Amino acid sequence: MNLEEIRALRRALHSCPEQSGREKRTRAMLMDFLRGRTELELHPCGEGFYAARREPEGTKPPIALRADYDALALPGGGAAHLCGHDGHAAALCGTILSLKGERLDRDVFFLFQPAEETGAGAPGCLELFERERVARIYGAHNLPGYPLGQVFTRPGTFACGSRGVTLVFQGRPAHAAYPEHGLSPATAVGRLLCALPQLARAERYGGMTLCTVIGAELGERAFGTAAARGEVWLTLRAEEDGDLERLFADIFGLARELAEEYGLGFAHEVQDVFPATVNDPDCARLVLDRCGGRELPAPMRWSEDFGHYLRRCPGAFFGIGAGEGCPPLHTNDYQYPDELLEPAIRAFRQILLG
């Protein structure tokens, strides 16, 4: 394997960032790279694809390795690789090339997944498990702020489950001089926002829970008209899927009660749904043992749609330090460090080769 070739691939991917669900050029670039350098089977999988390396006489259970390749959508439009998915995809390609001539004694499936940022990519790629006899699945994410190349994971929950929630309160408009003729959602929205910290207290649940107010909108900037519509945007987060369901039920229940109390119309929408990423204990210990990993004391607060796979198949998700001075994910200064490609490839190889 030529490591400089993998660095060049990451830079090429970095230069053409595409939002979740729109990664046509990125997908084509990765498939062309593998077609030109390997003889692996390439199969569509959801909106992504997988490369199959088969050893018909293998005696070990088949394994899947996964990388994502979408970029982060920017507020003003466009996209940028501010989460390192360009590096994840390049490292998985590097792993494939590094295995040329190696005897694995098993089938290995290399899954390239789109749309991780929105949580929409993994559900479509679950068809991998229907097509192939995958016994274990592993994936990784870079971790800024942690020592470069150091592997981290833990048995049980690695990353929290989360979901975005939009709550809509619909009243009736009125002239600002006669607000009593209308029906304003202002009081209901205010009471809901004040109640959220108490509803999300961890003591009410089994583990860490968090309700983050992303934003709220009430009425319009038209000073002659009283507010008639209000929206509240929340992100709910929890270590356990059961706690996330209870937190949602509590908040949804209060919002509906407030709407009824004030005679308001009520609707809601759920988006960006991520189940908790819950590692199989044996698979997590395998990563720790083979990769010289360190065990995390608590789950990561962020979410990762790899949890969908772990609901279908035992496996483990792990982090690899991107450097203690590396800027945080999802910030304008972040870029996946090329120095991390070799440790990431090595970690995947150690999982496969022992």
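The following is a dialogue on how some descriptions of this predicted model are reached.

Visitor: What do the numbering and the values rest on?

Guide: Residues are numbered from 1 along each chain as its sequence is written.

Visitor: How many helices and strands are in the protein chain?

Guide: The protein chain has ten helices and 18 strands. Helices are DSSP runs of H or I with at least four residues, strands are runs of E with at least two, and both are numbered from the N terminus. The C-alpha atoms fill a box of roughly 80 × 40 × 40 Å along the principal axes.

Visitor: Why is α1 called roughly antiparallel to α3?

Guide: The axes of α1 (residues 3-14) and α3 (residues 85-98) cross at roughly 150° and come within 9 Å. That angle makes α1 roughly antiparallel to α3, because angles over 145 degrees count as roughly antiparallel (under 35 is roughly parallel, 65 to 115 roughly perpendicular, the rest oblique). Axes are lines fitted to C-alpha atoms, for helices over the stretch in contact, and the angles run from 0 to 180 degrees between N-to-C directions.

Visitor: Which residues of α1 and α3 meet?

Guide: In α1 they include Leu9 and Leu13, and in α3 they include Ala89, Ala90 and Leu97. Contact means heavy atoms within 4.5 Å. By class, this contact of α1 with α3 has seven nonpolar, three polar and three charged residues.

Visitor: What makes α1 roughly antiparallel to α2?

Guide: The axes of α1 and α2 come within 10 Å and cross at roughly 160°. That crossing makes α1 roughly antiparallel to α2. On the α1 side the contact is made by Glu5, Ile6, Leu9, Ala12 and Leu13, and on the α2 side by Thr26, Met29, Leu30, Phe33 and Arg37.

Visitor: Why does Arg27 count as partly exposed?

Guide: Arg27 lies in α2 (residues 24-37). Its relative accessibility is 24%, so Arg27 counts as partly exposed; buried means under 20% relative accessible area, exposed over 50%, and partly exposed in between (1.4 Å probe, protein chains only). Leaving aside neighbours within four places in sequence, Arg27 is in contact with Pro44, Glu47, Gly48, Phe49 and Tyr69. Arg27 and Asp70 are 43 residues apart in sequence and 9.3 Å apart in space, C-alpha to C-alpha.

Visitor: How do you know whether Asp105 is buried or exposed?

Guide: Asp105 has a relative accessible area of 17%, and therefore is buried. Asp105 lies in the loop between α3 and β6 (108-113) and has a positive phi of about 60° although it is not a glycine.

Visitor: Why does Ala115 count as buried?

Guide: Its relative accessibility is 6%, so Ala115 counts as buried. Ala115 is in the loop between β6 and α4 (121-125), with phi near 50°, a positive value in a residue other than glycine.

Visitor: What span is expected of α7?

Guide: Helix α7 (residues 241-261) has 21 residues and reaches 30 Å from its first C-alpha to its last, close to the 30 Å expected at 1.5 Å a residue. The expected span is 1.5 Å times one less than the number of residues. Among the buried residues of α7 are Leu244, Leu247, Phe248 and Ile251. The buried residues of α7 pack against elements including β10 (161-170) and α6 (186-199).

Notes:
Predicted model: local features only at pLDDT ≥ 70, side-chain atom pairs only at ≥ 80, totals over all residues. Heavy atoms only, no water. Nonpolar A, V, L, I, M, F, W, Y, C, P; charged D, E, K, R; others polar.
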